[in-house]
Amino acid sequence: MIGNVGAVFVFEWKRAFTWPRMTWSIGLAAFPVFIIGLVRWTVNAEARGDGEIWRTICIVMLFGLIPMLVTMLGTLLWSSPAISSELERRSWVYLAVRPNGGTAVLLGKYLAAVTWVIPPALIGLTIAVPLAATGDTWRIWWAMTRLVLLSAPAYAAIYLVLGVVMPRRAMVLAVAYTLIFELLISFIPAVINKFTVQFRLRSLTVEWCDLSLLTNEQQWMVMAQFGTEPPWHHVTALIVLILCLTGFAVILLRAKEFPMSVESDA
Amino acid sequence: MIELKNVTKLYGKVIGVNDFTLTLGTGAYGLLGPNGSGKSTLLNLITGQLRPTLGTVKVLGMSPRNNASLFRRMGYCPGGEGMYSEVSGYDWVCFLQRLHGMSVRDADLAASKALELVGMTSSMRRPIASYSRGMRQRTKIAQAIAHNPDLLILDEPFNGLDPIGRHELTEVLRDWIGIGKSLIFASHLLHEIESITQSFLLICGGRLLASGTAEDVHAMMVGLPNEIALRCSDPHALAMRLMGERAAESVSIAGDTLTVATQHPLTLYEKLPGWLSLWGLRVVEMRSADESLQALFNSLMKMHRGEL
């Protein structure tokens, strides 16, 4: 089984070296660099004033651009169509009649999506963090790197499940989920936001980057949706979420029927 | 080898397969039915892609649904295309063998051997997108046989093959049967199946209408009206002559085509060339209803309903 997953993983990586995909990766890496560079260029050193405020702005931007936007978009593009792409090209049946073929394809593509998204995110991060000139480049780079390493598998797992639940509308469902849950509900200061990846990542950012938001009473009112649990708690929650979601995707896939040729037959 | 007990498959309110009961021993079988008859649904059930709404399916003594042990012993060539167009035929077949748990080296050997068997060695490194339909068909068959399965299931394998390709594939499949392997082979063309095996399963409307050898099927058709369409230079003259020879029960003419209904088609086939020569008439096209599978199935369906 592990060998089968590995075979799919290697095959997907080989197939990924195409100009469109490479262009996407370069775009994903370049976008945060471009935005941070633009802000840095627009806001001159004098206007940056208090270093702490500039640092906070940069951390929020880096978080929003890399562990959120780049990994979300990257995993959405590669993970959610894991099954639908096979169904659309009618190749699913070739894979499904192999021993544990469906499961191997699902997990192999999941791993390929995660490992395909992480490099551009880290490249972008490695260029964007020094560009931000926050004064503690290494610390922020290390914090963001850990966030990327958690964010990519977590979002990929969510999109993987959505792709299995509704393969024909996987992208639409993934975008809807992202907008509703990760960008809206995650900001609601209630128990429900603890079920979102965004909440966990946001809380970890505050902890690992030692943001001063929590010490300011007025800002605390605005940012009340940050968790107060220790970082290990959030990390554990994300790892459990990743394992549960990938397991659920496998179970769901094995239970579902994806008949081919029925259109011309029944 | 295959056992279906009262299998029904519903797609919502549409019946794919209707109360299908069948037991097949080891051997080669042609699954014959017109387009839309339920062949692919049946193959989907046998390969575990679908779960029956009612009844049970066993293949090689096992339930086919998510069954890794069975998939190791089964090869399937689907009717549709569906291969990755940007990779080479070799990479595609090799990848699918890796999914059988083969090492890189074993997958390489298995893929190369299977592609050689179907005559694709010279083109196997080219992208599938550059293949002709026949070449893609051969590649599909190679992926099905490369892991040396005990049971090979082919859905319309001759689609897109030229006469030479058909002949070569026929030889491959005959050799396959010759070494004692099992084969299920779906087609809507009678002669394709007859070239491989004499055992038929006739399916129409999701039902098993008949099973047996070609002789059994023909025997069932004895005494049934058989229609033959003849496109000729003077259909009125030909109709008059055939009625005069009592070679037809009824005739109808549409344009230059004469349709003859007869209960003795073989007699007509034997005598027609001589008559045409004698009467100085020319027939440019002849289509026998016996070769039209839909007509055969229509007759069998009528028999099934007790109308004949």
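Guide: Gladly. The lining of the second largest cavity divides into six nonpolar residues, one polar and two charged, where Ala, Val, Leu, Ile, Met, Phe, Trp, Tyr, Cys and Pro count as nonpolar, Asp, Glu, Lys and Arg as charged, and the others, Gly among them, as polar. The residues themselves are B:L117, B:V118, B:R138, B:I141, B:L161, B:G165, B:E168, B:L169 and B:V172. Here a cavity is a set of points, on a 1 Å grid over the protein atoms alone, where a 1.4 Å probe fits but cannot get out, and lining residues have an atom within 4 Å of a point.

Helices α5 (133-145) and α6 (163-178) of chain B each supply at least two lining residues, and α6(B) gives the largest share, four; helices are DSSP runs of H or I, at least four residues, numbered from the N terminus.

As for confidence, chain B averages a pLDDT of 84, with 91% of its residues scoring at least 70; pLDDT is the predictor's confidence in each residue, from 0 to 100.

This is a predicted model, in which local features need pLDDT of at least 70 and side-chain atom pairs pLDDT 80 or more, while totals for chains, interfaces and linings use all residues. Residues are numbered from 1 along each chain as its sequence is written, chains are lettered from A and ligands numbered from 1 in the order written, and side-chain values use heavy atoms, leaving out hydrogens and water.

Terms used:
1 Å grid on protein atoms, 1.4 Å probe; cavity = no way out; pocket = protein on both sides within 12 Å on 5 of 7 lines; lining within 4 Å.
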